[in-house]
Amino acid sequence: MADLMSDPRRLVDPAINSPGREGLTGTAPASLYAPAVEREQITIAPDFAPADVQPAWRQDFPVDWPQDLYVERRDFMKFMVLTSAAFTLGQIWIGAQNWYRKRTGQPIIQRIASIDDVAVGSAVGFTYPDEHQRCLLVRLTTSECVAFSQECTHLSCAVIPRPSEGIFYCPCHEGRFDLRTGTPIAGPPRRPLTRIVLDLRGRDVYAIGVEERTT
Amino acid sequence: MKRPFSREQRATIIYGMLFFVLIVVVLQLWLLTTTMNAWLGGDDSIVWPAAAASAGCFALNVGLFRHLVRIERTRRDRA
């Protein structure tokens with residue numbers, strides 16, 4: 001017995017709770033233990049219950065849920081990176097449109113109407129600076145006219161002049177703009193209507209420019 | 001050779017990255033709407049600086065994603 005105890009090649013008892021070895025740890029080489037399951041192989045059901053109480057279908061077709069969760073997050077991250085790319089492309093598109101707008105230069109000078117053709121408190125429509133941009137000329141007093149783009153700054157619906165109420169009215173979302181300044185006074189629009197710069201030459205009213213504003 | 005990250009470590013890493021990427025994407029959305037509003041209002045002074053900032057954010061996101069791919073490749077190579 002004494003020889004056995006002194007033999008360095010003796011089998012090591014892996015149990016740490018055997019008599020005389022209680023409380024000892026790390027005395028047995030790791031090779032004596034049964035190989036543990038790799039942490040990467042452990043699968044956990046969504047209800048966190050042990051595998052043997054899971055339904056048969058889940059035992060037959062086990063899903064590696066932590067890995068599934070990881071792949072979901074990775075795909076979501078990929079989607080977010082694509083969204084980021086889309087936003088960057090949007091910024092570049094604005095830059096390209098800005099370059100194109102500058103390239104076209106100042107809008108032309110265009111005669112709108114004779115002031116005698118527009119009664120005080122009424123409006124006439126025209127297109128400026130090209131045939132796709134509809135605008136409204138409103139005669140406020142005998143000597144005062146204003147003109148604005150007819151496109152609502154919310155979602156580009158056509159605004160309707162209501163000189164008696166002193167507003168431009170957008171029927172799509174109940175937007176209202178001040179008739180004299182074009183600033184939004186009610187509804188969803190936040191930016192004022194695009195102002196058409198006017199010039200009165202004799203009895204004729206001319207459009208000489210476009211003024212876009214943020215406030 | 002570097003030891004590959006475990007699954008738990010990778011999950012923590014991806015949550016951290018996702019948090020960062022989401023903040024950057026929300027920032028980009030704000031940048032886009034602000035730029036669009038200013039440009040439609042005739043103010044074109046911020047168009048290109050905003051585009052450069054957005055491109056920087058995108059580069060940051062791509063860098064993070066590439067780092068994630070590199071982590072996975074290290075794990076696969078070790079397996």
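A residue is called buried here if 20 or more other C-beta atoms lie within 10 Å of its own, exposed if 12 or fewer, and partly exposed in between, with C-beta atoms placed from the backbone. This is a predicted model, in which local features need pLDDT of at least 70, side-chain atom pairs count only at pLDDT 80 or more, and totals for chains, interfaces and linings use all residues. Residues are numbered from 1 along each chain as its sequence is written, and chains are lettered from A in the order in which they are written.

Helices (H or I, at least four residues) and strands (E, at least two) are DSSP runs, numbered from the N terminus. Helix α3 of chain A covers residues 65-104. Its expected span, 1.5 Å times one less than its number of residues, is 58 Å for 40 residues, and the end C-alpha atoms are 58 Å apart, which agrees. Buried in α3(A) are A:Met77, A:Val81, A:Ser84, A:Phe87, A:Thr88, A:Gln91 and A:Ile94. An α-helix has 3.6 residues a turn, so residues three or four places apart point the same way. Just after α3(A), A:Gly105 adopts a positive phi of about 75°.

Counting contacts as C-beta atoms within 7 Å, placed from the backbone, 28 residues of chain A meet 37 residues of chain B. On the chain A side, α3(A) gives the most, with 21 residues. That side divides into 10 nonpolar, nine polar and nine charged residues.

Strands pair if DSSP finds at least two bridges between them. An open sheet of chain A has the order β5-β6-β7-β8, with antiparallel pairing. Strands β5 and β8 of chain A stand at the edges with a single partner strand each, so one side of each is left without a neighbour in the sheet. β7(A) and β8(A) pair in the antiparallel sense over two bridges, and A:Arg176 has A:Ala186 of β8(A) as its bridge partner.

**Nonpolar cores**

A nonpolar core is a set of buried Ala, Val, Leu, Ile, Met, Phe, Trp, Tyr and Cys residues joined through C-beta atoms within 7 Å. The largest has 19 residues, and A:Leu136, A:Leu137, A:Ala147 and A:Phe148 have the most contacts inside it.

A second, separate core of 11 residues includes B:Ile14, B:Val25, B:Phe58 and B:Leu64.

Conventions. Contact = placed C-beta atoms within 7 Å. Nonpolar A, V, L, I, M, F, W, Y, C, P; charged D, E, K, R; others polar.
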